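Here is a friendly briefing to read alongside the coordinates. Please have your viewer ready.

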Amino acid sequence: MQALFIGQTYIDVTFITDHMPTGDEKHVASAYAVSFGGNAVTAAFCCAKLGIVPDLIATVANDWLGRMFQDMCAKYGISIHPRKVATSSLSFIMPKDGKRAIVRCRDDEHIHPFPHLNLKGCRALHIDGHQPDAAIHYARHCREAGILTSLDGGGLRSNTHEVLEFIDVAIVAERLCEQMNLSPKEMLDYLKGRGCRIGGVTMGERGLFWYDESGTTRIMPALPIPRQRVIDTNGAGDVFHGAYVYSYLAHPDKSWSDHFEFARAASTHKIQRLGNEAGLPSVADIETVQKEFAISA
């Protein structure tokens with residue numbers, strides 16, 4: 001095991017349409033994609049696509065969608081440690097004009113306790129706050145063992161405040177700022193106060209507002225991709241997380257600015273493609289984005 005990711009599994013159905021029918025009306029979408037979904041789950045697939053295959057604790061149901069998800073894990077070589085639920089979770093996603101509307105159908109009633117794994121060799125943990133009991137257990141254990149801990153703070157969870165005590169890298173969404181009635185600057189101060197070594201707030205097309213290893217506040221602007229090339233922003237943040245975890249594992253000598261620049265290029269690749277799987281970048285894809293926007297300059 002090189003890394004462990006923990007999250008809630010979704011099957012994402014993403015579609016593009018210029019009209020949403022109501023009543024007895026019907027309409028045909030212009031394009032669609034079916035893929036794995038979920039914050040930490042998508043991040044795990046991104047890390048695997050880039051070349052470092054993590055282990056994954058995720059919810060799995062004994063139904064045809066659950067078996068499809070297990071087939072997806074097998075395709076990428078991901079060792080899935082399933083946590084049983086009765087029914088698979090679904091997300092219906094409609095991207096439009098750089099935003100996305102989402103309807104979720106979720107089963108997060110866990111039938112069994114989370115699995116206890118041997119973490120020998122593990123160098124990074126990434127969690128998204130789902131499975132809160134597993135998240136706090138492994139965050140505490142990994143912090144004590146000197147294993148890097150990373151949090152995708154997409155929204156406020158039941159144990160967000162508690163789990164942050166054991167997080168090294170906390171990258172949160174503006175949504176969490178809104179839920180906690182904090183400005184982005186106040187959020188960074190809050191993350192510092194919880195002991196997070198690196199903290200940041202993702203702000204979409206306005207980039208990443210973050211502080212580095214020295215505590216210095218910085219802004220990493222989003223890449224200036226033409227709006228007409230933006231197809232599907234859903235999953236871009238998850239790809240960002242998976243890419244910086246990969247970069248940390250592959251190049252531990254580099255700075256977090258380097259890791260986040262790599263991840264920014266990865267998410268820029270994602271938003272130009274429909275669906276999570278189609279948007280997963282390879283290292284070559286990321287290098288192409290970096291060359292196009294001359295990041296090194």
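The points below go from the whole chain to single residues.

This is a predicted model, where local features need pLDDT of at least 70, side-chain atom pairs count only at pLDDT 80 or more, and totals for chains, interfaces and linings use all residues. Residues are numbered from 1 along each chain as its sequence is written, and side-chain values use heavy atoms, with hydrogens and water left out.

**Overall fold and dimensions**

- The chain holds 10 helices and 13 strands; helices (H or I, at least four residues) and strands (E, at least two) are DSSP runs, numbered from the N terminus.
- A compact globule of 297 residues would have a radius of gyration near 19 Å, and the 18 Å of this chain agrees with that. The radius is taken over C-alpha atoms, and the globule rule is 2.2 Å times the number of residues to the power 0.38.
- The C-alpha trace spans about 55 × 50 × 40 Å along its principal axes.
- If you look at contacts (heavy atoms within 4.5 Å), 65% of those between residues at least 6 apart in sequence join residues at least 24 apart.

**Surface and charge**

- Of the 297 residues, 52% count as buried. Here buried means under 20% relative accessible area, exposed means over 50%, and partly exposed is in between (1.4 Å probe, protein chains only).

**Cysteines**

- A search of the whole structure turns up zero disulfides, a disulfide being a pair of cysteine sulfur atoms within 2.5 Å.
- C142 is in no disulfide, and its nearest cysteine sulfur, that of C122, is 5.2 Å away. C142 counts as buried, because its relative accessibility is 0%.
- C105 has a relative accessible area of 37%, so C105 is partly exposed.

**Positive phi angles**

- Most residues other than glycine have a negative phi, so two backbone positions may be worth a look.
- D97 is a residue other than glycine with a positive phi, near 55 degrees. You will find D97 in the loop between strand 6 (90-96) and strand 7 (99-105), and D97 counts as exposed because its relative accessibility is 64%.
- Q131 also has a positive phi, near 50 degrees, and lies in the loop between strand 8 (124-127) and helix 3 (132-145). With 2% relative accessibility, Q131 counts as buried.

**Helix residues and their contacts**

- Y248 sits in helix 7 (residues 236-250). Leaving out residues up to four places away in sequence, Y248 touches R123, L148, W256 and H259.
- Y248 and G207 are 41 residues apart along the chain, and their C-alpha atoms are separated by 20 Å.
- E162 belongs to helix 4 (residues 160-163) and counts as partly exposed, because its relative accessibility is 41%.
- Not counting residues up to four places away in sequence, E162 touches I136, R140 and R194.

**Loop residues and distances**

- D212 is in the loop between strand 12 (208-211) and strand 13 (217-220). Its relative accessible area is 8%, so D212 is buried.
- Apart from neighbours within four places in sequence, D212 is in contact with R197, I198 and R218.
- D212 and D24 are 188 residues apart in sequence, and 54 Å separates them in space, C-alpha to C-alpha.
- Q228 is placed in the loop between strand 13 and helix 7; Q228 counts as exposed, because its relative accessibility is 69%.
- The C-alpha atoms of Q228 and E162 are separated by 41 Å, and the two residues are 66 apart along the chain.
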